[in-house]
Amino acid sequence: MKRQISICDTSFTVEDTGTGFWDNLSNGIWEYDTLQTIKQLVGPRSLFIDVGAWIGPITLLAASCGANVVSFEPDPAAYEELQNNLAANQPAFENVITINSAIGSAAEEITLYTRRAGNSETSIFQTHERFGENVECTESFKVKMLDLRSEIANRYRAERHDNIIVKIDVEGAEFHFFADVAPYLASIGATILLSTHSFNIVERTEEATTLSRIKAKSTVVEAALVFDWFVRDGDSLTQVDKKESIAHSFANIDKADNYILRRDQSLKVYVENGEPSILQDPVLGFPFSHLPEVMPATSAEEADFIFAFFPCPYTIEANDTARMIRETDSYRNYREKYVWQSLCDFPDFSRSDPAGHKLVLSPLPAKNLNIRYNVHPMPIHPCEGDYQIQMDREHTEDCRSLAKIYDFAFLGSVDDFPVTGGFFGGRAWLRQLEAEGLPNFFLRSAKGWAFSEDWADRHREWMKRVGEAKYGFAPADSSNSPRLFWTMQVGTVPIITDYEHLPFDDVVDWSSLAVVVPSSQKLTFDYRSLPTSGPDYDLKRERVIKFWEEYCFYPNAARKLVNRIRSSITHVAAQ
């Protein structure tokens, strides 16, 4: 079925086969940062090489920017869909050449494997990892492989092209050929957009040798590498300085190597301040308790991660515990392995050492500090009651299906507190909005409701009231507020203000799924102008639900966070 989709505010016609991919792309969930980077880099005098074009999302965008595009896709089913998507937009994209071949550093015939013809995971590996499990591909086919250097040399002309951009997304084959072609790409000043797939490397001698080969070759090609890098591993796209070596640019692969080649098909976690059984607790053991491959480690030395949790972070005992942990031998020797989990930051938890990773609901007040100290805002509220309500799928669906009888809603304290004197950083401005006549605004002050004995029942009723609203005010407290994620859970579009750092804001455009109001404008913003019906509102609400399911639902949030940590972990003992 043909349909209209949007990529970076440009409309395209595509064949929709019902996989949901085009919805994720249009909603800003699929590789938003990659698409924005391409739009900035590519122009009418660019040569864009799309290695692993699949069904064409990036080819379409590059072509719409006016570039000369050469797209390589080896999977016959995906290649046919790529051609159909381009044909649906003709004659606009006559600047595209498609080639049904694999790409490497030699011209030869190879075998590729897939679970299903045309999916995005076709690979040189017959076995690869998917959601923590090894998956055996049941289908295979032979395909010709072309030498990337020759293909570019036949087409690139410095007098005709202002720049050349090479995007490589080949499901793990980059480990086999990239070190060989890197010197040539550097010699022509190419910009590289490289997706690495360390999770596709399972523990087999062949792949382990490949990783070692890449790292060994890095010293040979280092002097030639003067191009711009954009490296994606898992959820994150990182720009690397053009003078950095291939060894640094492949840092995510090197660090993932420490995890993958030692894990024996499992993820070993040592619990620093509790019993190993905590890894079975869905709340206290988050995020590790939601990963089936996790098993307790008997020592910090053998562990892939060392886990420290703080169930009561608002007390002085939390700081004392953090200080005690930092004085242990395991912390002195393996501090890079540490993963801390807490409701909020406190000085000895977040700011004492940039080593390790800190998962918190309420992070430090400035994003640059969070980046410096490896503080990751969590998209969940780690408490037992919230977990039970999250996992009650019937309740969630009931809230989402409620009729929208309010345009705006807010439930919670509307008193002002100094940041140092309470958890509510100032909400009296909501009372002012109500007094000034914001239409159809349901506001209920519920001071202290979150700490009451009948919390669960009151919380369910709260979610229903918010579910009856089209927009839910979700201001930050002294830092992030779980109210934001509760609002999204019920399918209500959040109005966000006072936030310094939102979860996954490096890969997700929050303005595409929420109304983001600068703090200085929260009283003067024209809330009446927000659409309360029609396709624009419906699309935002759809994005809200998709984001919550993929990034905020406990099991999925756990996987996202651990993958993010896993891609950057460094073992001090291995250095």
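**Reading the model**

Guide: Let us begin with a pair of helices: α14 (residues 384–391) and α15 (residues 393–401) pack with their axes 5 Å apart, at an angle of about 70°. Axes are lines fitted to C-alpha atoms, for helices over the stretch in contact, and angles run from 0 to 180 degrees between N-to-C directions. Helices (H or I, at least four residues) and strands (E, at least two) are DSSP runs, numbered from the N terminus. This is a predicted model, in which local features need pLDDT of at least 70 and side-chain atom pairs count only at pLDDT 80 or more, while totals for chains, interfaces and linings use all residues. Residues are numbered from 1 along each chain as its sequence is written, and side-chain values use heavy atoms, with hydrogens and water left out.

Visitor: How is α14 oriented relative to α15?

Guide: Angles under 35 degrees count as roughly parallel, over 145 as roughly antiparallel, 65 to 115 as roughly perpendicular and the rest as oblique. The angle of about 70° therefore makes α14 roughly perpendicular to α15.

Visitor: Which residues make the contact?

Guide: Contact means heavy atoms within 4.5 Å. Helix α14 contributes Ile389, Gln390 and Met391, and α15 contributes Arg393, His395 and Thr396.

Visitor: Is Val339 buried or exposed?

Guide: Buried means under 20% relative accessible area, exposed over 50%, and partly exposed in between (1.4 Å probe, protein chains only). Val339, in strand β18 (residues 338–344), is buried, at 0% relative accessibility. Beyond neighbours within four places in sequence, its contacts include Phe288, Phe305, His357 and Ile565. Phe307 is 32 residues away in sequence, yet the C-alpha atoms of Val339 and Phe307 are 5.0 Å apart.

Visitor: What does the side chain of Arg483 reach?

Guide: Arg483 lies in helix α18 (residues 483–489) and is buried, with a relative accessible area of 5%. Its side chain reaches the backbone oxygen of Leu411 at 3.0 Å.

Visitor: How many residues of helix α3 are buried?

Guide: In α3 (residues 57–64), 7 of the 8 residues are buried, so the helix is largely enclosed by the rest of the structure. Gly66, which follows α3, has a positive phi, near 95°.

Visitor: Where is confidence lowest?

Guide: The predictor's confidence in each residue is pLDDT, from 0 to 100. Helix α9 (residues 251–260) has the lowest mean, 32, and strand β4 (residues 68–72) the highest, 96. Over residues 199–265 the pLDDT is below 50. Where pLDDT is low, the predicted coordinates should not be read in detail.

Notes
Polar contact = N/O pair within 3.5 Å; in protein donor to acceptor, adjacent residues only side chain to side chain.
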